[in-house]
Amino acid sequence: MPNAAPGVRALHLEMLRKMLLIRKFDEAAVGLAERREIAGAVHTYIGEEAVAVGACATLHDDDYITGNHRSHGHPIAKGADVNRAMAELFGKRTGYCKGKGGSMHLADFSVGILGESGILASALPVAVGAALASKLRKETKVVIPFFGDGASNEGACHESMNLAAIWKLPVVFVCENNQYAITTSYRATVSAEHIADRAAAYNMPGVVVDGQDVVAMYEATRAAVARARAGLGPSLIEGLTYRYREHAEGMGRMLSQPYRTEAEIEQWKKRDPIPLHKERLLDAGYATPADLVGIEREAEAAIEGALQFARESPEPAPEELFDDLFTNPIPIDRY
Amino acid sequence: MAEKTFAGALNEAIKEEMRADPSIFVMGDSARSGIYGVTGGLHEEFGDDRVLDCPASETAFMGAAVGAAAVGMRPIVSSQCAFMWVAMDQLVNQVAKMKYMFGGQATLPLVYRMGIAYGNSGAAHHTDRPHPLYMNIPGLKIVMPSTPADAKGLFKTAVRDDDPVLFFEDNTLMRVRGEVPDGDYTIPYGVADVKRKGSDVTILAIGGMVSRSLAAAERLEANGISAEVLDPRSLVPLDKGAILQSVAKTGRFVAVDSANKTCSFASEACALVAEEGFWSLKAPVQRVASLMVHPPFSPVLERLVYPTEDRIIEAVNRTLA
């Protein structure tokens with residue numbers, strides 16, 4: 001980073017902090033799932049942190065994101081509180097969704113996280129709608145829907161891209177191509193060479209980015225966000241990345257045949273986004289080795305604190321079962 | 001009071017609400033040209049930003065309405081039930097579940113105007129009456145008016161509500177005329193309306209089935225049978241109390257529904273009466289609903305499918321046998 005402007009160092013350190021926070025959060029989640037301390041499915045973002053962190057670093061607090069079942073990384077990158085996120089994994093009343101959503105469905109509307117959707121590409125129309133509101137109200141808010149290579153084959157994805165394009169809506173579609181839809185390679189399911197190539201069909205820019213490089217993700221997203229804020233319409237960014245762990249925790253035991261090799265996994269781990277970014281910080285003189293250890297300790301402490309918060313939080317009470325079904329609830333004798 | 005068509009009353013409701021609240025906008029299939037007249041003149045008055053013609057991408061635009069609502073707009077989505085199927089993921093997974101699953105964070109002031117069509121040789125793809133399916137999904141309010149006056153008052157309630165509403169418009173009623181009160185008024189959900197008083201049998205009917213039930217009641221009257229015709233006006237919330245009260249008085253219950261019979265609104269209403277009003281009953285409850293077959297194109301065959309005055313009268317007679 002030669003000739004870095006003021007603030008750039010802080011930005012780069014913050015991106016490391018966020019990536020570490022996500023990594024430690026998900027490492028903790030793996031342990032919780034293994035010990036069956038929490039219920040339900042856990043989909044980790046380990047290995048993919050640079051995509052959400054680089055992209056969200058370009059956004060303001062009042063910009064919006066949506067995400068998917070791999071739900072922990074996007075909210076933390078956008079500024080969610082790890083205590084409330086962790087409490088939601090535990091199904092506690094203090095969780096983001098008061099125990100109604102769980103690991104796959106985090107949301108924090110107060111910082112523009114409009115929800116992680118369990119159904120592939122289902123949140124893309126929602127994201128486009130938030131962008132429509134931004135345009136109709138003559139605001140400059142931008143929306144990033146995060147979705148995967150699998151979701152890129154859903155009709156909802158294509159309809160959303162076309163709708164955003166014809167109305168020139170401020171959407172930056174960020175596709176996290178982690179190579180596999182559960183166990184099916186995108187090479188077997190995507191007709192184009194790159195998912196980003198599909199942008200041409202919707203008359204919008206499409207770029208393939210090294211999704212292991214947080215700065216590359218940041219730069220590509222920044223350009224697309226600037227375009228969106230200027231009213232020039234949507235863009236598609238395909239971040240090439242990799243999921244180190246199985247689709248969901250415990251799924252490895254259910255596979256009857258392998259779909260990828262250990263060598264492939266090891267190859268990707270050599271370009272892990274966190275050491276890659278640490279090296280860059282050291283080379284640029286933005287941090288000393290001691291600084292990096294300190295940042296890592298902070299992340300660990302934050303997650304320790306989140307675990308404690310979640311464990312000590314109260315369970316939801318039975319009388320909360322019907323809460324939040326409606327804004328104006330229906331009396332029980334009429335439902 | 002002035003006489004207006006069902007479509008005209010809805011059009012008036014939308015215009016008045018849009019004038020009062022700038023966060024309301026209309027989007028949908030050919031919204032600007034105003035098929036059936038409900039959205040007619042809106043584009044002229046409110047302009048491009050408040051009346052949006054959407055591409056034939058029901059998933060995208062029905063879902064986009066959710067996103068716009070989630071950040072504070074109040075969309076009215078115009079479409080037909082025939083096209084809802086392609087957007088089912090959005091209607092079920094986003095519209096109905098978003099608020100609850102995210103712990104109440106989302107507020108979704110949304111109205112989906114859903115035309116239901118039958119009796120015009122649309123054949124199976126254009127002849128859907130799917131309202132009961134949505135009753136099975138928590139998180140949705142479901143309205144189906146039967147008169148122009150009810151349509152206007154209930155539509156205003158729907159637009160002002162902060163929850164998602166599926167507003168089913170029976171297309172067979174669009175040109176029906178009726179007295180509509182002047183100016184601003186609302187009709188709350190969950191309050192049934194007695195369309196005709198009676199003492200021998202309760203006929204519960206919705207949408208286009210109300211006029212058929214009233215016509216049947218006229219013929220029954222000629223035979224000395226006094227039928228009460230009750231219109232719940234909203235299916236969710238449902239005015240259970242009014243239904244049970246009427247049955248307590250008459251002791252006989254017939255539910256008339258344009259939907260397919262199995263798991264219909266009529267089924268749910270009969271279950272309610274059997275469960276909570278059993279000791280008032282003098283005869284078994286009766287469902288008069290569409291036959292369990294797809295509507296055929298042939299007018300000769302199609303007219304066999306839906307409830308008719310004759311079938312309603314036969315059902316009433318079964319309760320009196």
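## Contact between chains A and B

In this predicted model, 38 residues of chain A are in contact with 43 residues of chain B, two residues being in contact if their C-beta atoms, placed from the backbone, lie within 7 Å. At least two residues of the side of chain A that touches chain B come from each of β2 (113–117), α5 (123–136) and α6 (155–166) of chain A. The largest share, 9 residues, is that of α5(A). Helices (H or I, at least four residues) and strands (E, at least two) are DSSP runs, numbered from the N terminus.

By class, the side of chain A that touches chain B comprises 21 nonpolar, 10 polar and 7 charged residues. Ala, Val, Leu, Ile, Met, Phe, Trp, Tyr, Cys and Pro count as nonpolar, Asp, Glu, Lys and Arg as charged, and the others, Gly among them, as polar.

The model is predicted, and local features need pLDDT of at least 70, side-chain atom pairs count only at pLDDT 80 or more, and totals for chains, interfaces and linings use all residues. Residues are numbered from 1 along each chain as its sequence is written, while chains are lettered from A and ligands numbered from 1 in the order in which they are written.

## Domains of chain B

Chain B is divided into domain 1 (2–180) and domain 2 (193–320), with bounds that come from an automatic or database domain assignment. The C-alpha centres of domain 1 of chain B and domain 2 of chain B are 26 Å apart. Their contact takes 23 residues from domain 1 of chain B and 24 residues from domain 2 of chain B.

On the side of domain 1 of chain B that touches domain 2 of chain B, at least two residues are supplied by each of α7 (131–135), β6 (141–143), α8 (148–160) and β7 (165–170) of chain B. The residues of this side of domain 1 of chain B divide into 13 nonpolar, 6 polar and 4 charged.

## Helix crossing in chain A

Helix α1 (residues 8–34) and helix α10 (residues 289–312) of chain A have axes that come within 9 Å and cross at roughly 45°. That angle makes α1(A) oblique to α10(A). Axes are lines fitted to C-alpha atoms, for helices over the stretch in contact, and angles run from 0 to 180 degrees between N-to-C directions. Angles under 35 degrees count as roughly parallel, over 145 as roughly antiparallel, 65 to 115 as roughly perpendicular and the rest as oblique. The crossing of α1(A) and α10(A) is right-handed; a crossing is left-handed if the near helix is turned anticlockwise from the far one by less than a right angle, and right-handed if clockwise.

In α1(A), the residues A:Leu16, A:Arg17, A:Leu20, A:Leu21, A:Lys24, A:Phe25 and A:Ala28 meet A:Ile295, A:Glu296, A:Ala299, A:Glu300, A:Ala302, A:Ile303 and A:Leu307 in α10(A). The contact of α1(A) with α10(A) has 10 nonpolar, no polar and 4 charged residues.

## Helix packing in chain B

Helix α9 (residues 209–222) and helix α13 (residues 309–320) of chain B pack at an angle of about 55°, with their axes 9 Å apart. This makes α9(B) oblique to α13(B), and the crossing of α9(B) and α13(B) is right-handed. From α9(B), the contact is made by B:Arg212, B:Ser213, B:Ala215, B:Ala216, B:Arg219 and B:Leu220, and from α13(B) by B:Glu309, B:Ile312, B:Ile313 and B:Val316. The classes in the contact of α9(B) with α13(B) are 6 nonpolar, 1 polar and 3 charged.

In helix α10 (residues 240–250) of chain B, the residues B:Lys240, B:Ala242, B:Ile243, B:Ser246, B:Val247 and B:Thr250 are buried. A residue is buried if 20 or more other C-beta atoms lie within 10 Å of its own, exposed if 12 or fewer, and partly exposed in between, with C-beta atoms placed from the backbone. The buried residues of α10(B) pack against β10 (201–205), β11 (227–231), β13 (253–260) and α11 (265–276) of chain B.

## Backbone details

B:Pro237 is in the loop between β12 (234–236) and α10 of chain B, and the peptide bond from B:Val236 to B:Pro237 is cis, with omega near -5°. In the loop between β11 and β12 of chain B lies B:Arg233, a residue other than glycine with a positive phi near 70°. B:Arg233 counts as buried, with 27 C-beta neighbours inside 10 Å.

A:Lys168, in the loop between α6 and β4 (172–177) of chain A, has a positive phi of about 50° although it is not a glycine. A:Lys168 is partly exposed, because 15 other C-beta atoms lie within 10 Å.
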